Amino acid sequence: MIGLASCGKEHSEPENSVEVHVILGQSNGLGRAYSFELPTELQQPLQGCYIYNTHSGKFELMQAGVNTMSNKGQFGPVVKAAQLLQQHKQKDVYFVVAGFGNSQLYNSGSREILDWHPDSNELLEQSKETIEKARAALVAEGKEPVFKTIAWWQGEADALVTEHASAYRANEEAFFASLDKVTYLGGTKRVVFKIFSDLKSHPQAGAINKGKAARAAADKRTVATLETNGYERNPQDRLHANAAGQLQAGTDLFNAIKGVK
């Protein structure tokens, strides 16, 4: 439970509070699945499911392939996760999605190769700014945002180089520690997606996943480490989950966060 107990009574959140969930990462976190392959009901605006649109600076009803922060006509795990969470909670749910395709966590030491490492002040700082703008947008609507979870699906770019993979656990620890410096993110639970480890093109994927698992095992706030190899993928692009794969990813994310208090 985020917050402090007082006088022996459980802390209750304000009546105008809303739960916010964050998804960060590379292209699979954003989604490269095609929305036209979705069932009709998931192609429509999802009632009670809101996503922060970085272009409008506002929260909007979520619609796959329109404002889900992936490329036009594409979607990621946020669609199914939001639909299931709204049905489970029977109240409005809010999501913030931020990511960058083909981006590494390892500090590149160069502005020409942007990365997520906190010492770089690049992609992670940009994502923090997006989260802050989303928080401010809710406050402007008279709501009290309570950030509950951060999901992280990244690592493919680091799986190309042995040195990057060897440093992955330490770099992921630094990544989450940096997010904790944001006061309202300090109590969030974490969900970590592993990366596909069956691709010859990414020889260090196994090492990346071991680093993820080791960090998560030592972190009580990581509520799930999700296996991804079973997700269905695009036949011509085995690096990315297709529509069925992203629906499964969203279902797994929902199951990981539905019980977070």
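A crossing of two helices is left-handed if the near helix is turned anticlockwise from the far one by less than a right angle, and right-handed if clockwise. The crossing of helices H4 and H6 is right-handed. This is a predicted model, in which local features need pLDDT of at least 70 and side-chain atom pairs count only at pLDDT 80 or more, while totals for chains, interfaces and linings use all residues. Residues are numbered from 1 along each chain as its sequence is written, and side-chain values use heavy atoms, with hydrogens and water left out.

**The sheet**

- Seven strands form an open, mixed sheet in the order E4-E3-E6-E1-E7-E8-E9; strands (E, at least two residues) and helices (H or I, at least four) are DSSP runs numbered from the N terminus.
- Strand E4 (58–62) and E9 are the edge strands, each pairing on one side only; two strands pair if DSSP finds at least two bridges between them.
- E3 and E4 pair in the antiparallel sense over five bridges, and Tyr-52 stands opposite Phe-59 in E4.
- Strand E1 (residues 17–25) pairs with E7 in the parallel sense over nine bridges, with Ala-151 of E7 as the bridge partner of Ile-23.
- E7 and E8 run parallel and are joined by five bridges; Trp-153 stands opposite Phe-193 in E8.
- Nine of the 10 residues of E7 are buried, so this strand is largely enclosed by the rest of the structure; buried means under 20% relative accessible area, with a 1.4 Å probe and protein chains only.

**Helices**

- The axes of helix H4 (residues 123–140) and helix H6 (residues 168–180) come within 11 Å and cross at roughly 30°; axes are lines fitted to C-alpha atoms, for helices over the stretch in contact, and angles run from 0 to 180 degrees between N-to-C directions.
- Leu-124, Glu-125 and Lys-128 in H4 meet Phe-175, Ser-178 and Leu-179 in H6, where contact means heavy atoms within 4.5 Å.
- Helix H7 (residues 205–217) lies across E7, E8 and E9, at about 160° to E8.
- H8 lies across E1, E6, E7, E8 and E9, at about 155° to E8.

**Nonpolar cores**

- The largest nonpolar core has 38 residues, and Met-62 and Phe-95 have the most contacts inside it; such a core is a set of buried Ala, Val, Leu, Ile, Met, Phe, Trp, Tyr and Cys residues joined through side-chain atoms within 4.5 Å.
- Elements giving two or more residues to this core include strand E3 (46–53), strand E6 (93–99) and helix H8 (243–257).
- H8 gives the most to this core, with seven residues.

Definitions and conventions. Buried means under 20% relative accessible area, exposed over 50%, partly exposed in between (1.4 Å probe, protein chains only).
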